[in-house]
Amino acid sequence: MRISTSGLLAGMAVLLMGAARASAEAEDTPQAGGPAASAESTPGEVSGAVKRATPEGVRVAVRGAPDVQLNMKPRTIVVVNGQMAHVGDIQEGDKIRALYRDVQGQPMAIMLEVTGPVRPAPERFD
């Protein structure tokens, strides 16, 4: 059986989001001895248009809400056109969906997926 790259990435994204939500639900469950202080909060999700993308972060314009500045980390997953990509492949005006977690009061991107406008894949010169 052959699985396409975009199907594999979509499946990975679903698993990642499900695992993050399950982890958040487990963190919300009271433990014996009282709640423990955590530097990380439950995961959040935001969708909107990219205003700016740099290696340090992505600013997202969210309809009806203030802009959200998502900080990047080296392990942040970036998906463009169903392919693994880099933050440099995200362009101003792209529509994105992002999964993030607040780390010490700062939203840290876990995964960024460009959902539109879909651009042709860049030519590869191998």
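Strands β4 (residues 77–80) and β7 (residues 106–116) are paired in the parallel sense in this predicted model, with three bridges between them. Within this pairing, Ile77 lies opposite Met111 of β7. Strand β4 also pairs with β5 (residues 83–84), here in the antiparallel sense and through two bridges. Val80 has Gln83 of β5 as its bridge partner. The β4 and β5 strands make a hairpin with two residues between them, and Asn81 in the turn adopts a positive phi of about 55°.

A further hairpin is formed by β2 and β3, with six residues between the strands. Four bridges connect β2 (residues 57–61) to β3 (residues 68–71), and the sense is antiparallel.

| Strand pair | Sense | Bridges |
|---|---|---|
| β4 and β7 | parallel | three bridges |
| β4 and β5 | antiparallel | two bridges |
| β2 and β3 | antiparallel | four bridges |

Confidence in the prediction must also be considered. The chain has a mean pLDDT of 76, and 60% of its residues reach 70 or more. Residues 1–6 have pLDDT under 50 throughout, and the model gives this stretch four contacts beyond four places in sequence. For residues 19–38 the pLDDT is likewise below 50, with 13 contacts in the model beyond near neighbours in sequence. Where pLDDT is low, predicted coordinates should not be read in detail.

Technical notes: Residues numbered from 1 in each chain as written. Predicted model: local features only at pLDDT ≥ 70, side-chain atom pairs only at ≥ 80, totals over all residues. Heavy atoms only, no water. Pairing = 2+ DSSP bridges. pLDDT = per-residue confidence, 0-100. Contact = heavy atoms within 4.5 Å.
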